[in-house]
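Visitor: Could you walk me through this one? I have not seen it before.
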Amino acid sequence: MLEYLRFGVSVLLMLAGLFFIAMATLGVYRYKYVLNRMHMAAMGDTMGISLVLLGLILAAGFGALSMKLVLVILFFWTASPVGGHLISRLETTTNEQLSEHVELRDQEVHDGNL
């Protein structure tokens, strides 16, 4: 009975992760501006893959494989936000028409601190 419960919870976690990945994919195609697209991709990446991997951890049981999957989750939690930040920083410093797409405070524009 406990095996069926564990299997059911792992399937639910994986389906929830696939839902987040699918919604992030739709969001990437829906939005036109690069910062919005990048935000959708980063959120879907972090949450979706983490839920899928948590479901795999539950399905596989706790052991060496689970520890490797936990390390993969920690890597995604670290690498995805850092990569998203670097891409958004590059976009804000190189895009000359940034004020057409987003609302900027006047102080940031005058100081050059985007």
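This is a predicted model: local features need pLDDT of at least 70, side-chain atom pairs count only at pLDDT 80 or more; totals for chains, interfaces and linings use all residues.

Visitor: OK, how many helices and strands in the protein?
Guide: Five helices and zero strands. Helices (H or I, at least four residues) and strands (E, at least two) are DSSP runs, numbered from the N terminus.

Visitor: And what share of the residues is buried?
Guide: Of the 114 residues in the protein, 25% are buried. Buried means under 20% relative accessible area, exposed over 50%, and partly exposed in between, with a 1.4 Å probe and protein chains only.

Visitor: Which residues are buried in α2?
Guide: Among them are L35, M38, A42, G44 and I57.

Visitor: What span should helix α2 have?
Guide: Helix α2 covers residues 34–60, and its 27 residues should span 39 Å at 1.5 Å a residue. The expected span is 1.5 Å times one less than the number of residues. The end C-alpha atoms of α2 are 38 Å apart, which agrees.

Visitor: What comes after α2?
Guide: G61 follows α2, and its phi is positive, near 90°.

Visitor: Changing topic: at what angle do α1 and α2 cross?
Guide: Roughly 165°, with the axes coming within 8 Å. Axes are lines fitted to C-alpha atoms, for helices over the stretch in contact, and angles run from 0 to 180 degrees between N-to-C directions. α1 and α2 are therefore roughly antiparallel, a label for angles over 145 degrees.

Visitor: What kinds of residues make up that contact of α1 with α2?
Guide: The contact has 21 nonpolar, six polar and two charged residues. Ala, Val, Leu, Ile, Met, Phe, Trp, Tyr, Cys and Pro count as nonpolar, Asp, Glu, Lys and Arg as charged, and the others, Gly among them, as polar.

Visitor: How do the axes of α2 and α3 cross?
Guide: The axes of α2 and helix α3 (residues 64–94) cross at roughly 180° and come within 10 Å.

Visitor: Which residue forms a salt bridge with E3?
Guide: R6 does, with the closest N and O atoms 3.4 Å apart. A salt bridge is a side-chain nitrogen of Lys or Arg within 4 Å of a carboxyl oxygen of Asp or Glu.

Visitor: Where do E3 and R6 lie?
Guide: Both lie in helix α1 (residues 2–30), three residues apart, about one turn of the helix.

Visitor: Is E3 buried or exposed?
Guide: E3 counts as exposed at 51% relative accessibility, while R6, at 28%, counts as partly exposed.

Conventions
Residues are numbered from 1 along each chain as its sequence is written. Side-chain values use heavy atoms; hydrogens and water are left out. Angles under 35 degrees count as roughly parallel, over 145 as roughly antiparallel, 65 to 115 as roughly perpendicular and the rest as oblique.
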